[in-house]
Amino acid sequence: MRRRTLLATTGAGIATLAGCGTSLSEEEYDIGMTANQFQPAELTVATGETVVWGNPSSRGHSVTGYEASFPDEADYFASGGFDSEQPARDGYPTSGNIRSGETFSHTFEVAGEYRYFCIPHERAGMNGRVIVE
Ligand SMILES: [Cu+2]
């Protein structure tokens, strides 16, 4: 997506926007996090592209993959840098919390469909999917 070049220098993970007292600009992410939704909830990208999630809301969120939904060869992803889903669930919110004004990114190298959710708002239906073509 549009942030690929910049993010190539910072790598995957959570980036804090220094000195930012206001919410993120929509220009700074591909998928936004509202109070209890990912917007858009579905995004299609090409193999090798980096997707940036941004949290302009006042609440903390996570971006946590539903591991079983991933293509077999794909790397797992979750905010906090976990290797699998259960440790990500267990580690939240000490690790993996995306605070207001922060972003998370992941580069998709394997084609297929990836479902993910937000740990604190999973029951509220905060989930989404990325389709990699
Ligand atoms: Cu959430």
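In which loop is proline 40 found? Proline 40 lies in the loop between strand E3 (38-39) and E4, where strands (E, at least two residues) and helices (H or I, at least four residues) are DSSP runs numbered from the N terminus. The model is predicted: local features need pLDDT of at least 70, side-chain atom pairs count only at pLDDT 80 or more, and totals for chains, interfaces and linings use all residues. Residue numbers start from 1 along each chain as its sequence is written.

The peptide bond from glutamine 39 to proline 40 is cis, with omega near 0°. Another cis bond runs from tyrosine 92 to proline 93, with omega near 5°; proline 93 is placed in the loop between helix H2 (85-91) and strand E7 (102-107). Most peptide bonds are trans.

An open sheet of four strands has the order E4-E9-E8-E6 and mixed pairing (two strands pair if DSSP finds at least two bridges between them). Strand E4 (42-45) and strand E6 (64-65) are at the edges with a single partner strand each, so one side of each lacks a neighbour in the sheet. E8 and E9 are antiparallel over six bridges, and glutamate 113 has isoleucine 131 in E9 as its bridge partner.
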